[in-house]
Amino acid sequence: MLSELLAILAPIVISVGAGFIWGKTGTGFPSDFISRIVMNIGSPCLIVSVMAKVEVQPEVMGQVALATALTMTAMGLFGWLLLRWMKLEIATYLPPLVFPNNGNMGLPLCLFAYGQTGLALALGSFMVMMVATFTVGLLIVANSEGGIFKRMESIAKQPVIYAMAIAVILLITDTDLPRWISNTLDLLGGIAIPLMTIALGVSLATLKIHSWKRSLLFSVLRVGGGLLLGFIACELMGLTGVSRNVVLLQSAMPIAVFNYLLALRYGHKPEEVAAMVVVSTLLAFIGLPFLLMVIL
């Protein structure tokens with residue numbers, strides 16, 4: 001069991017650690033360029049590449065996506081009620097509770113734990129999170145800036161959205177891509193996960209922690225509450241096996257770095273969101289070995 005845990009977690013810890021060391025040395029890291037490469041090239045190619053080759057029933061993928069959507073919706077309702085009771089700003093504190101890091105951390109974790117099938121199912125969760133982030137997330141943090149049409153235009157420009165549509169069509173129709181397209185997608189999609197994990201490490205090295213108590217509270221709610229709600233969703237839907245475990249892992253991911261970028265862009269206390277990202281990630285790294293021991 002120890003060797004199995006090491007095989008799953010070591011690649012993630014080492015690559016995130018490499019990024020962390022890079023960030024601490026002060027060496028330049030073009031975060032904006034890297035994020036654009038990942039979002040516009042790496043992730044779309046990875047989604048289509050994996051979905052075109054993996055042997056997963058469309059209904060299973062749909063169940064994972066639905067369970068993820070239910071988990072996020074439940075977390076959103078719980079978070080909204082909690083923030084209203086605590087009299088905290090919704091636009092600042094709700095997105096970190098709702099949107100987990102099931103890209104940078106979730107995808108490689110599911111890949112190393114369950115292979116290509118785990119990665120494909122994890123991409124189902126990732127796609128739900130991405131759609132929710134670029135729709136509901138922007139509606140929460142952007143207020144009335146630019147209007148609804150400008151936000152819709154922003155969503156329409158995301159290559160990931162079109163990659164999702166293509167991937168779903170390929171999955172449903174069981175279509176095989178020409179080998180030259182498949183090889184090209186494999187090559188370009190292969191950059192996504194390494195760059196995601198390294199960029200996460202660099203971000204952790206540069207973000208500062210403010211308000212330990214509040215950061216710890218929201219981190220526990222994000223990781224522990226997400227896991228609990230994911231478990232409830234799996235029980236309600238009767239998910240078992242790899243599908244269930246992928247939903248649990250993706251639901252227990254820490255706060256996504258993208259929440260910090262949104263808070264920075266729209267002026268919603270980015271220093272506090274940054275602290276929550278760091279603390280929740282540390283909490284996830286501590287808890288993941290125990291979660292993996294249970295579900296494996």
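Biologist: Where does K269 lie?

Modeller: In this predicted model, K269 lies in the loop between α12 and α13.

Biologist: And what is its phi like?

Modeller: K269 has a positive phi of about 45°, although this residue is not a glycine. As background, most residues other than glycine have a negative phi.

Biologist: Is K269 buried, exposed or partly exposed?

Modeller: K269 counts as partly exposed, because its relative accessibility is 35%, and that class runs between 20% and 50%.

Biologist: Switching to cavities. How many of 30 Å³ or more turn up in the whole structure?

Modeller: The search finds two.

Biologist: Starting with the largest cavity, which lining residues are closest to its centre?

Modeller: Those are T71, M72, P100, R222 and S251, out of 13 residues that line the largest cavity. The elements giving two or more residues to that lining are α3 (58-86), α10 (212-237) and α11 (241-251).

Biologist: Which element gives the most to the lining of the largest cavity?

Modeller: That is α3, with four residues.

Biologist: OK, now which residues line the second largest cavity?

Modeller: The list is A91, T92, P95, P96, V141, N259, L262, A263, H268 and V273. Here the elements with two or more residues in the lining are α4 (90-98) and α12 (257-266). The largest share, four residues, comes from α4.

Biologist: And the classes in the lining of the second largest cavity?

Modeller: Seven residues there are nonpolar and three are polar, while no charged residues take part.

Biologist: Let's move to α1. How does its expected span go with the distance between its end C-alpha atoms?

Modeller: The two agree: helix α1 (residues 2-25) has 24 residues, so at 1.5 Å a residue it should span 34 Å, and its end C-alpha atoms are 32 Å apart.

Biologist: Where is the kink in α1?

Modeller: The kink lies at L9, shortly before the proline P11, and comes to about 40°.

Biologist: Which residues of α1 are buried, and what covers them?

Modeller: The buried residues are L5, I8, L9, A10, I12, S15, V16, G19 and G23. So L9, where the kink lies, is among the buried ones, because buried means under 20% relative accessible area and L9 is in that set. The cover over the buried residues of α1 includes α5 (106-141), α9 (192-206) and α13 (270-295).

Biologist: What follows α1?

Modeller: G26 does, and its phi is positive, near 80°.

Biologist: Last one. Where is S43 found, and is it buried or exposed?

Modeller: S43 is found in helix α2 (residues 31-53). S43 counts as buried, because its relative accessibility is 1%.

Biologist: What does S43 touch?

Modeller: Leaving out residues up to four places away in sequence, S43 touches V38, F126, V160, A192 and M196.

Terms used
Residues are numbered from 1 along each chain as its sequence is written. This is a predicted model: local features need pLDDT of at least 70, side-chain atom pairs count only at pLDDT 80 or more; totals for chains, interfaces and linings use all residues. Side-chain values use heavy atoms; hydrogens and water are left out. On a 1 Å grid over the protein atoms alone, a cavity is a set of points where a 1.4 Å probe fits but cannot get out, and a pocket is an open set with protein on both sides within 12 Å along at least five of seven lines; lining residues have an atom within 4 Å of a point. Grid points are joined across faces, edges and corners, and a volume is the space filled by probe spheres set on the points. Ala, Val, Leu, Ile, Met, Phe, Trp, Tyr, Cys and Pro count as nonpolar, Asp, Glu, Lys and Arg as charged, and the others, Gly among them, as polar. The expected span of a helix is 1.5 Å times one less than its number of residues. The bend at a residue is the angle between axes fitted to the seven residues ending there and the seven starting there. Buried means under 20% relative accessible area, exposed over 50%, partly exposed in between (1.4 Å probe, protein chains only). Contact means heavy atoms within 4.5 Å.
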